[in-house]
Structure formats: structure tokens, C-alpha cells
Amino acid sequence: PDVAIYLNNLAGLYKARGELDKAEPLYLRALRINEDALGADHTDMAIYFNNLALLYKAQGKLQDARLYYEQAIEIGKKTLG
């Protein structure tokens with residue numbers, strides 16, 4: 001869904017500006033929209049999981065980052081081999 005792409009892009013802008021607290025809810029909302037539309041195991045979901053992982057890493061939330069990195073990796077393994 002296009003709105004998820006726009007939210008993801010806006011979140012990326014906030015992240016680039018160092019406004020990490022503004023980025024987080026947008027990344028989460030984009031992830032939920034796509035999860036509902038595509039399913040949690042869809043290839044495109046890896047991008048959204050990875051973006052959240054990068055944000056959490058930047059925030060120092062390393063356990064959260066690891067969880068989302070692992071989800072992205074699992075999708076890659078299932079869909080891309």
C-alpha cells in the first residue's frame with residue numbers, strides 16, 4: 001500500500017534528521033499496514049523490519065534491533081533462499 005511507503009519515507013527523513021522519536025511511530029505504522037495487507041512473511045516486509053532494526057540500533061535499543069533484524073533474515077531465508 002502506498003500510504004505505508006509514504007510513512008516509511010517520512011520516518012526515514014526524521015531518522016536522518018536525528019528525530020528518532022518521531023520516526024518510530026511512523027515506521028511501526030508502516031509495518032502494521034503492510035503486515036495487514038501483505039502478511040508477515042511477504043518479501044517486502046523484510047525492508048520494514050530492517051528499517052525498524054536500524055532505528056532501534058540508532059536509539060541504542062539493541063535487543064529490539066536484534067529482534068527485527070532476525071525477522072528480516074528469516075523472511076529472506078524463506079523467500080530468497
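Gly18 sits in the loop between helix 1 and helix 2. This is a predicted model. Is Gly18 buried or exposed? Its relative accessibility is 52%, so Gly18 counts as exposed, the cut-off being over 50%. Now look back along the chain to Tyr6. Gly18 and Tyr6 are 12 residues apart in sequence, and their C-alpha atoms are separated by 19 Å.

Next, take the two helices that this loop joins. Two packed helices are described by the angle between their axes and the distance between the axes. For helix 1 and helix 2, the angle is about 160° and the axes are 8 Å apart. That makes the two helices roughly antiparallel, because angles over 145 degrees count as such. Their crossing is left-handed. From helix 1 come Val3, Ala4, Leu7, Asn8, Leu10, Ala11, Gly12, Tyr14 and Lys15. From helix 2 come Leu20, Lys22, Ala23, Leu26, Tyr27, Arg29, Ala30, Ile33 and Asn34. Gly12 is partly exposed, with a relative accessible area of 26%. Gly12 and Lys22 are 10 residues apart in sequence, and their C-alpha atoms are 9.9 Å apart in space. Asn8 also lies in helix 1. Asn8 has a relative accessible area of 11%, so it is buried, the cut-off being under 20%. What does Asn8 touch, leaving aside its neighbours within four places in sequence? Its contacts are Tyr27, Ala30, Tyr48 and Asn51.

Asn8 leads on to helix 3, where its contact partner Asn51 takes part in the meeting with helix 1. Helix 1 and helix 3 pack at an angle of about 20°, and their axes are 12 Å apart. These two helices are therefore roughly parallel to each other, as angles under 35 degrees count that way. Helix 1 passes helix 3 in a left-handed crossing. On the helix 1 side, the contact uses Ala4, Ile5, Asn8 and Lys15. On the helix 3 side, it uses Tyr48, Asn51, Leu54, Leu55 and Ala58. By class, the contact of helix 1 with helix 3 has 6 nonpolar, 2 polar and 1 charged residues.

The remaining pair here is helix 2 and helix 3. They pack at an angle of about 160°, with axes 10 Å apart. Helix 2 and helix 3 are therefore roughly antiparallel to each other. Their crossing is left-handed. Helix 2 contributes residues including Leu20, Ala23, Tyr27, Leu31 and Glu35. Helix 3 contributes residues including Met45, Phe49, Leu52, Leu55 and Gln59. The contact of helix 2 with helix 3 has 13 nonpolar, 3 polar and 3 charged residues.

Finally, turn to the core. In soluble globular proteins, nonpolar side chains tend to be buried together. In this model, the largest nonpolar core has 22 residues. Those with the most contacts inside it are Ala23, Tyr27, Leu31, Phe49, Leu52, Leu55 and Tyr68. Which elements give two or more residues to this core? They are helix 1 (2–16), helix 2 (20–38), helix 3 (45–59) and helix 4 (62–80). Helix 3 supplies the largest share, 8 residues.

Leaving aside its neighbours within four places in sequence, Tyr27 is in contact with Asn8, Ala11, Gly12, Lys15, Asn51, Leu52 and Leu55.

Conventions
Residues are numbered from 1 along each chain as its sequence is written. This is a predicted model: local features need pLDDT of at least 70, side-chain atom pairs count only at pLDDT 80 or more; totals for chains, interfaces and linings use all residues. Side-chain values use heavy atoms; hydrogens and water are left out. A nonpolar core is a set of buried Ala, Val, Leu, Ile, Met, Phe, Trp, Tyr and Cys residues joined through side-chain atoms within 4.5 Å. Buried means under 20% relative accessible area, exposed over 50%, partly exposed in between (1.4 Å probe, protein chains only). Helices (H or I, at least four residues) and strands (E, at least two) are DSSP runs, numbered from the N terminus. Contact means heavy atoms within 4.5 Å. Axes are lines fitted to C-alpha atoms, for helices over the stretch in contact, and angles run from 0 to 180 degrees between N-to-C directions. Angles under 35 degrees count as roughly parallel, over 145 as roughly antiparallel, 65 to 115 as roughly perpendicular and the rest as oblique. A crossing is left-handed if the near helix is turned anticlockwise from the far one by less than a right angle, and right-handed if clockwise. Ala, Val, Leu, Ile, Met, Phe, Trp, Tyr, Cys and Pro count as nonpolar, Asp, Glu, Lys and Arg as charged, and the others, Gly among them, as polar.
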